[in-house]
Amino acid sequence: MDIQRTGIDEIDFDQIFKQWYGAIRNFVYYKIGDVTKAEDIAQDTFLKLWEKRDTIKTETVKSLLYTIANNLTINVIEHNNVTFKFENKYKPDTKHPSPEYDMEMKEFDQRLQQVLGQLDEKQRTVFLMNRIDEMTYNEIAQSLGLTVKAIEKRMEKALSYLRKNIAVKI
Amino acid sequence: MTPTYANNNIDEQILDTVSGYQPPFETTTDEALAILKKKIAQGAKAKDVKESKTIPFKSIVLYASGIAASLLAIVATWYFFSYNARVTVLADKGQHTECVLPDGSVISLNAKSAVTYRKQTFRQERFIEMEGEAFFNIKKGSVFTIKTKHADIKILGTSFNVYARESMFKVACVTGRVLVANVEDTVIIEPGESASLFNRSLKKFRDEKIASETKWRNGEFIYENASLKIIFEEIERQFNVNFALPDDVESKYFTGGFSNKNLVDALDIVCIPMGLTYEIGANGYISVHEKY
């Protein structure tokens, strides 16, 4: 018979930290677009986890982390119209690279980051978790306590907003 | 996982570009874990959602200490929680700092040293915990207690130096009277006297070195027949470097002094007369060898 274990020790904690810290930090960044605050809130999230370590079940730790991070983010007022400074590792493969093309790509990149900042926070967070952290809809749904259907909807809305607004010149 | 509705060029371009995005964080996960461990060790408490609006100061201080601990001259972290806040003042490797306690007493902290006290109850009970090395100038008043790993120190109003590190424990009295006690012994020392541990028992002795040994506050480190190990450990703390040392370093003794202004000068002063050579590698790693 499998006995469910309650509480985690320091080794478990370190492992959980290494596994989830990056994702939690990114999650907060997607919500508020502030590197400093995101790092700070991610630290506080794990500090809280540490304090609760005796009552934690390993199976639910992921959604617990997202819940804590979400609660800690509530007080940060600026959620919409934030400024992102993503580093862009994407290099489009093209057979005819030219300075004009590079320029266009750069403009596109800047415009995209700007529109992402204007996107509804909930849609944006889900969208970026899927694209950047490569989480499946299922994983996102579990982490945020939502249905897969809700995630699909947010993805669709996000993409359609980005598509409509990216064309508008500044 | 690419959504199936991505069937035109602009959608694909959006999705591909976003997939190449990286949030611009500067700390690695391992560094972040180290920062968190430090906070836990210092007794940090997670802020409550309700409280966080009233204490914005905390987040600024925590972040600053996190990313730039080595750049800051002082990392003084104040943790406000519930009614009785614990305050930790920390001087990191390569740093000195000074703190004024609520009663006006002044503590100078040497590199890699820390003191902790409770802000609210400090005035009723003058009690602090410390590790590392610190010089105290205590305001006259009720008993002032310092808890260290090796012994407790009780004072009425005096100035004195405490060295409480892994390898050595010593309290040197400059003015007033100091009571030093551990589980077994209690000694009272007066100006010009020091108390130290000898085979786990506390003994007091006349100490001619107090004046020179308390010069660390001006960045001068003066030794008389001191183990090379203790000296290299001090250089590690003052310059935030790490040594690879020969095995017999503990049994060699050095008389002289160095200043914490210049690493190469400090190394030369110690190594040349001792017949040692050194090599400064990357990341502050220094290997010391016997000269052949």
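This is a predicted model: local features need pLDDT of at least 70, side-chain atom pairs count only at pLDDT 80 or more; totals for chains, interfaces and linings use all residues.
Which strands of chain B does helix α6 lie across, and at about what angle does α6 run to β19(B)?

1. Helix α6 of chain B, residues 263-274, lies across β17, β19 and β20 of chain B. The helix runs at about 150° to β19(B).

2. Helix α5 of chain B, residues 228-239, also lies across β17, β19 and β20. Its direction is at about 145° to β17(B).

3. The three strands form an open sheet in the order β17-β20-β19, and the pairing is mixed. Strands β17 (242-244) and β19 (276-280) stand at the edges with a single partner strand each, so one side of each has no neighbour in the sheet. From one strand to the next, the twist averages 25°.

4. Strands β17(B) and β20(B), the latter comprising residues 285-290, run parallel and are joined by three bridges. Within this pair, Ala244(B) stands opposite Ser287(B) of β20(B).

5. Helix α2 of chain B, residues 29-41, has 13 residues. From its first C-alpha to its last it reaches 18 Å, close to the 18 Å expected at 1.5 Å a residue.

6. The buried residues of α2(B) are Ala32(B), Leu33(B), Ile35(B), Leu36(B), Lys39(B) and Ile40(B). Seen down the axis of α2(B), they fall within an arc of 160° and therefore line one face of the helix. In general, an α-helix has 3.6 residues a turn, so residues three or four places apart point the same way.

7. Asp30(B) and Ala41(B) are exposed, on the face of α2(B) turned away from its buried side. Just after this helix, Gly43(B) takes a positive phi of about 80°.

Notes. Residues are numbered from 1 along each chain as its sequence is written. Chains are lettered from A and ligands numbered from 1 in the order in which they are written. Side-chain values use heavy atoms; hydrogens and water are left out. Helices (H or I, at least four residues) and strands (E, at least two) are DSSP runs, numbered from the N terminus. The expected span of a helix is 1.5 Å times one less than its number of residues. Buried means under 20% relative accessible area, exposed over 50%, partly exposed in between (1.4 Å probe, protein chains only). The arc is that of the directions from the helix axis to the C-beta atoms. Two strands pair if DSSP finds at least two bridges between them. Axes are lines fitted to C-alpha atoms, for helices over the stretch in contact, and angles run from 0 to 180 degrees between N-to-C directions. Contact means heavy atoms within 4.5 Å.
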